[in-house]
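Let's take a friendly walk through a protein model together.

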Amino acid sequence: MRMYDIIEKKRNGHELNENEIRFFVKGFTDGTIPDYQASALMMAIYFQGMTEKETVCLTDAMAKSGDTVDLSRFGDLSVDKHSTGGVGDKTSLIVGPIVASLGGKVSKMSGRGLGHTGGTVDKLESIDGYKTTLTNEEFLNQVENVGLAIIGQSGNLTPADKKLYALRDVTATVDSIPLITSSIMSKKLAAGSHNIVLDVKAGSGAFMKTIYDAEALAEQMVKIGKSCNRNIAAVITDMNSPLGNAIGNSLEVIEAVKVLKGEVKNDLYEVSVQLATLMLSLCFGWSEAEAEEKVISAIENGSAFSKMKEWIKAQGGDEKLLEDTSLFDEAEFAYEVKSDEAGYIDGFDTEKIGLVSVRLGAGREKKGDSIDYSAGIILKKKCSDYVSKGDTLAVFFTNNESSLKDAELLFKDSLIISSEKSEERPLIYKIIK
């Protein structure tokens with residue numbers, strides 16, 4: 001079998017068979033197939049697409065290209081949640097404790113932030129002492145005893161995906177639905193959970209800018225998950241505005257705590273309740289109405305917040321920070337951004353707002369950059385809110401005063417202010433099962 005023939009076959013629009021796909025994944029992973037041939041195949045796939053059968057095979061081959069996590073000891077109760085990325089998205093910090101408090105076994109490997117999107121691991125590392133690395137046995141024991149563990153991506157999980165993503169990133173082949181699907185789902189399959197809920201973002205702060213593209217991706221991933229014998233559902237949620245009011249690592253942890261304490265019931269609360277409801281419905285077979293009732297009760301009776309403290313303590317974190325969030329390190333500078341005009345906020349360029357938080361120090365532009373856990377943004381106004389000239393739109397937090405001017409200009413450039421109030425967008429567009 002020759003890689004040349006596989007490239008030519010896909011270039012000409014033909015379906016690759018299982019042997020050809022597995023030959024490619026194995027050869028590229030072990031280095032016998034060079035980057036230039038892999039790049040050629042990625043571009044051929046970008047233009048010619050893949051059938052569902054091809055995508056299933058590619059996903060499975062990538063999932064099995066390295067280590068896999070065995071969660072069989074948890075039976076049908078193992079559950080994972082994945083977001084396609086956004087700004088202010090701290091739902092993992094909320095849904096994990098909720099689901100674990102109700103008997104689910106949440107085992108999650110999360111990434112760091114890069115570019116305009118934040119990373120769950122960075123948010124957790126803003127909690128003093130929290131360990132984002134556990135041995136396999138420590139990880140499994142914590143899931144068994146606490147019901148929840150969230151760690152960084154580690155070990156030799158899906159090495160094919162790591163190599164392919166790095167290549168796609170520099171060859172303009174990232175935004176291909178079959179390649180995105182296989183990348184996300186190979187990691188989810190290798191991580192071992194029986195139940196998977198996907199939060200697929202759509203809008204200016206998301207990778208998929210339109211609802212149409214988000215729906216196509218969600219449907220493909222759900223099909224792949226079912227083909228690989230997983231219980232799976234996807235929620236298409238809005239990312240034309242940051243989720244919640246906090247953007248930045250410790251600021252987002254604090255907002256998550258407020259949601260779990262029942263002190264905040266905003267858009268972040270609504271999305272978190274929907275995700276936790278679906279996770280529990282998949283685990284236990286409960287109706288969505290029954291699962292939602294239990295989710296809301298777990299927040300209101302304090303059991304979800306208690307589970308959060310138990311989880312953070314089990315992973316070495318200082319749970320006192322959750323009981324009294326004023327103990328988190330505070331940024332040296334707090335700067336109020338005032339509105340230059342009156343009107344209704346009609347929308348945001350949410351990606352730009354994510355980049356504002358990066359400039360303030362809360363994110364990284366390239367791997368290896370250090371981040372300031374106390375930096376970030378608290379939004380004082382959101383979509384459809386009316387603002388008068390001089391009203392505070394947001395508060396910036398940073399330890400780098402020189403970043404404030406450019407950050408303010410970029411933030412104001414992200415705003416769309418209108419004289420008339422527009423119709424509010426749905427927060428949750430669709431659920432796909």
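## Helices, rings and a sheet

Let's start with two helices. Helix α5 (residues 92-101) and helix α14 cross at roughly 105°, and their axes come within 8 Å. That angle makes α5 roughly perpendicular to α14. On the α5 side, the contact is made by Leu93, Pro97, Ile98, Ala100 and Ser101, while α14 contributes Ser303, Ala304, Lys307, Met308 and Trp311. Bear in mind as you look that this is a predicted model.

Another helix to find is α8, which covers residues 159-169. Which residues of α8 are buried? They are Pro159, Ala160, Asp161, Leu164, Leu167 and Arg168.

Now for the aromatic rings. A pair of them is described by the distance of the centres and the angle of the planes. The model holds six aromatic pairs. One of them joins Tyr46 and Phe47, with 5.2 Å from centre to centre and 85° between the planes, an edge-to-face pair. Tyr46 is partly exposed, at 31% relative accessibility, and Phe47 is exposed, with a relative accessible area of 63%.

The rings of Tyr130 and Trp311 also make a pair: their centres are 6.1 Å apart and their planes stand at 85°, so this pair is edge-to-face. Tyr130 lies in the loop between α6 (120-125) and α7 (136-146), whereas Trp311 belongs to helix α14 (residues 303-314), so the pair ties together parts that are 181 residues apart in sequence. Are these two residues buried or exposed? Tyr130 is buried, with a relative accessible area of 7%, and Trp311 is buried too, at 0%. You have met Trp311 already, as one of the α14 residues in the contact with α5.

The charged end of Lys163 sits over the ring of Phe28, 4.6 Å from the ring's centre. Likewise, Lys294 has its charged end over the ring of Trp286, 4.9 Å from the centre.

Finally, let's turn to a sheet. Strands of a sheet pair through backbone hydrogen bonds, either parallel or antiparallel. Here four strands form an open sheet in the order β6-β9-β11-β7, and the pairing is antiparallel. Why do β6 (246-247) and β7 each have one side left without a neighbour in the sheet? Both stand at the edges, so each has a single partner strand.

Strand β11 (residues 392-398) is mostly covered, with six of its seven residues buried. Strand β7 (residues 333-338) pairs with β11 in the antiparallel sense over six bridges. Across this pairing, Val337 stands opposite Ala394, and Ala334 stands opposite Phe397. Strand β9 (residues 376-379) also runs antiparallel to β11, and four bridges join the two. There, Ile377 stands opposite Phe396 of β11. To finish the picture, look for helix α17 (residues 404-414), which lies across β7, β9 and β11 and runs at about 145° to β11.

How values were computed: Residues are numbered from 1 along each chain as its sequence is written. This is a predicted model: local features need pLDDT of at least 70, side-chain atom pairs count only at pLDDT 80 or more; totals for chains, interfaces and linings use all residues. Side-chain values use heavy atoms; hydrogens and water are left out. Buried means under 20% relative accessible area, exposed over 50%, partly exposed in between (1.4 Å probe, protein chains only). Two strands pair if DSSP finds at least two bridges between them. Contact means heavy atoms within 4.5 Å. Axes are lines fitted to C-alpha atoms, for helices over the stretch in contact, and angles run from 0 to 180 degrees between N-to-C directions. Rings of Phe, Tyr and Trp (its six-membered ring) pair if their centres lie within 6.5 Å; planes under 30 degrees apart count as stacked, over 60 as edge-to-face and the rest as tilted. A charge sits over a ring if NZ of Lys or CZ of Arg is within 6 Å of the ring centre and within 35 degrees of the ring normal. Angles under 35 degrees count as roughly parallel, over 145 as roughly antiparallel, 65 to 115 as roughly perpendicular and the rest as oblique.
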